[in-house]
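Please read them with the coordinates open.

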Amino acid sequence: MKKVWVSLLGGAMLLGAAAPGASAAENSVPDPTQLTPTFHAEQWKAPSSVSGDNIVWSYLNRQKKTLLGADGTNVRDQFRIIDRTSDKSGVNHYRLKQYVNGVPVYGAEQTIHVNKSGKVTSYLGAVISEDQQQDATEDTTPKISATQAVYTAYEEAAIRIQSYPSVTDNVTEGSQDQGSVSQDTYKEASNNELSISKQISIAKIANLEPSVEPNAELYIYPDGETTRLVYVTEVNILEPAPLRTRYFIDAKDGKIVFQYDILNYATGNGRGVDGVMKSFTTTASGNGYQLKDSTRSSGIVTYTAANRQTTPGTILTDADNVWDDPAAVDAHAYAIRTYDYYKKKFGRDSIDGRGMQIRSTVHYGKKYNNAFWNGSQMTYGDGDGKLFTFFSGDPDVVGHELTHGVTEFTSNLEYYGESGALNEAFSDIIGNDMDGSNWLLGDGIYTPNIPGDALRSLSDPTKFGQPDHYSNFYPDPNNDDEGGVHTNSGIINKAYYLLAQGGTSHGVTVTGIGREAAVYIYYNAFTNYLTSTSNFSNARAAVIQAAKDSYGENSIAVISAIKSFDAVGVN
């Protein structure tokens, strides 16, 4: 059959079609992935008197001339450690960010890795140039408020959302009126001292109700040879259609200088969608039971939107704890399965690594052909029964979507261009490994009346329209796919498959090391080594270094990792 263009999206939605509506931004600055990280393999050991975080500071101090271009710079003024983790190999992983005058630099992130003997084994990161640092230092005072930036983003979204298809047949009367907020209301809300979320609620900006509390953060944004002060904010709404767009707004004149969509239209006991009986933890409540598991950190809770466009909706209940809602059964059971997968395999406590509650909502909209992670929870449509069945009915889809949350809390790979394709690939890899039955993705829910059909194949990406070699990289000339994030993920998927399973591709033979070792290396590389603007070349370096740190410099894992990227043309 001729396949429609379907992709699991980062952030993320499943069904793709060209995103409607034109962007209000003129893309007057380079895209947010412009700071390409550089990779350095190291074998530097700090003096024996230095330990813990001081190893990192000593290393940065030693490298400051190379990194920052000035010997006199105090590295503690320009870098901040924002996260620390360790893995089962005893390697400590540090994630840092560059600051100028106390303002973070967008995309200027670093990862540094220290083995159990105290040696720095690698660095991956990007910093702005010495001239850009000087330019940024001159003025870090915004002329518009964070609230004004939020208003600007919501007003643009209100205009654009009018062309989006509604999720339900009956859109509420309020959401049909997409007018701009009045200037009087705008000025009043902008000048008061209420929180942004309360101002949004009071002003009813363009009748769009935020589903995640809005905020705007001030950044120094690289702009060619110079820099620009911007606010970065998001519009995250559910009505009249799901939308999650990231905006970059000039903090001096209030203009939108770049934007891109993270959600895209491109695209007890109980039997699940597959008819299999499943057992899962619920909670007794009154005379019945709630679809709530309180035994895993902050809990796993499943709600129903009852075919409306509200989340989280109403918590699901049942009188006898034998559940007869297949979509709810699978959403709950597979969320538990995802939590257990991360906990047992990687020692990760939920999506954020700190016990975050996992919330899912089923029956969103009417015959809604999508599912998405909106930054705080999972939402599943029921599908139309032809192109898709219930979206919660496939463990690799659930694992894929929730892994977008893991990425958001770790490397936070920018959902644009090569970093966006890496974001997609990581979700594919984890979702597929969580299922573990084949090398397909989405085969449990896609075209339910066509046996063997699927969304994607990790073993043969070309089967479903993706490249398996960098020479066939899709440039996305019309930029209707945020720089080809959906299509180009096939290149990384193929590299992972070859590392795990082995085989010959484009004349290069790779010895497989097994799923278990391969997925551990990729998880470690993507969560600990990469930064938000990493590209395919950075991913190669990160995977190889993660293999070295875990299995040894000359191990078969390292040799196979090198050859797997050779086979897909990524240098």
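1. H486 sits in the loop between β23 (456–457) and α11 (489–501); helices (H or I, at least four residues) and strands (E, at least two) are DSSP runs, numbered from the N terminus. H486 is buried, at a relative accessible area of 1%. Buried stands for under 20% relative accessible area, exposed for over 50%, and partly exposed for values in between (1.4 Å probe, protein chains only). The side chains of H486 and Y415 are joined by a polar contact of 3.2 Å. A polar contact is a pair of N or O atoms within 3.5 Å; within protein, one must be able to donate a hydrogen and the other to accept it, and residues adjacent in sequence count only if both atoms are side-chain atoms.

2. On the basis of these notes: this is a predicted model, in which local features need pLDDT of at least 70 and side-chain atom pairs count only at pLDDT 80 or more, while totals for chains, interfaces and linings use all residues. Residues are numbered from 1 along each chain as its sequence is written, and side-chain values use heavy atoms, with hydrogens and water left out.

3. The UniProt record, an unreviewed entry, gives the feature "active site" at E401 and H486. These positions span 86 residues in sequence, yet no two of their C-alpha atoms are more than 13.8 Å apart, so they gather at one spot. UniProt positions are given in the numbering used here, feature names are shortened, and annotations may be inferred rather than shown by experiment. E401 belongs to helix α9 (residues 395–409) and is buried, with 0% relative accessibility.

4. Helix α10 (residues 417–435) has 19 residues, which at 1.5 Å a residue should span 27 Å, and its end C-alpha atoms are 27 Å apart, in agreement. The expected span is 1.5 Å times one less than the number of residues in the helix. Of the 19 residues of α10, 19 are buried, so the helix is largely enclosed by the rest of the structure.

5. How many aromatic pairs does a search of the whole structure find? There are 27. Rings of Phe, Tyr and Trp (its six-membered ring) pair if their centres lie within 6.5 Å; planes under 30 degrees apart count as stacked, over 60 as edge-to-face and the rest as tilted. The pair of W44 and Y59 is tilted, because the ring centres are 6.0 Å apart and the planes stand at 50 degrees. W44 is in strand β1 (residues 38–45) and Y59 in helix α1 (residues 53–68), so this pair ties together parts 15 residues apart in sequence. Both W44 and Y59 are buried.

6. F346 and Y523 make a stacked aromatic pair, with 3.8 Å from centre to centre and 10 degrees between the planes. This pair links distant parts of the chain, 177 residues apart: F346 is in helix α8 (residues 326–346) and Y523 in helix α12 (residues 515–529). F346 is buried at 14% relative accessibility, and Y523 is buried at 8%. Elsewhere, ring pairs link Y106, Y219, Y221, F248, F258, Y260 and Y416 into a cluster.

7. Two charges over rings should be noted. K88 lies over the face of Y520, 4.3 Å from the ring centre, and R515 lies over the face of W439, 3.7 Å from the ring centre. The criterion is NZ of Lys or CZ of Arg within 6 Å of the ring centre and within 35 degrees of the ring normal.

8. H93, in strand β3 (residues 92–100), is buried with a relative accessible area of 3%. Its side chain makes a polar contact with that of N524, at 3.5 Å. With neighbours within four places in sequence left aside, the contacts of H93 (heavy atoms within 4.5 Å) include D83, R84, I112, N528 and Y529.

9. D293 lies in strand β14 (residues 292–293) and is buried at 0% relative accessibility. A polar contact of 2.6 Å connects the side chains of D293 and T295. Beyond four places in sequence, the residues that D293 touches include T281, T283, H332 and I336.

10. G353, in the loop between α8 and β19 (358–362), is partly exposed, with a relative accessible area of 32%. The C-alpha atoms of G353 and K343 are separated by 9.1 Å, and the two residues are 10 apart along the chain.
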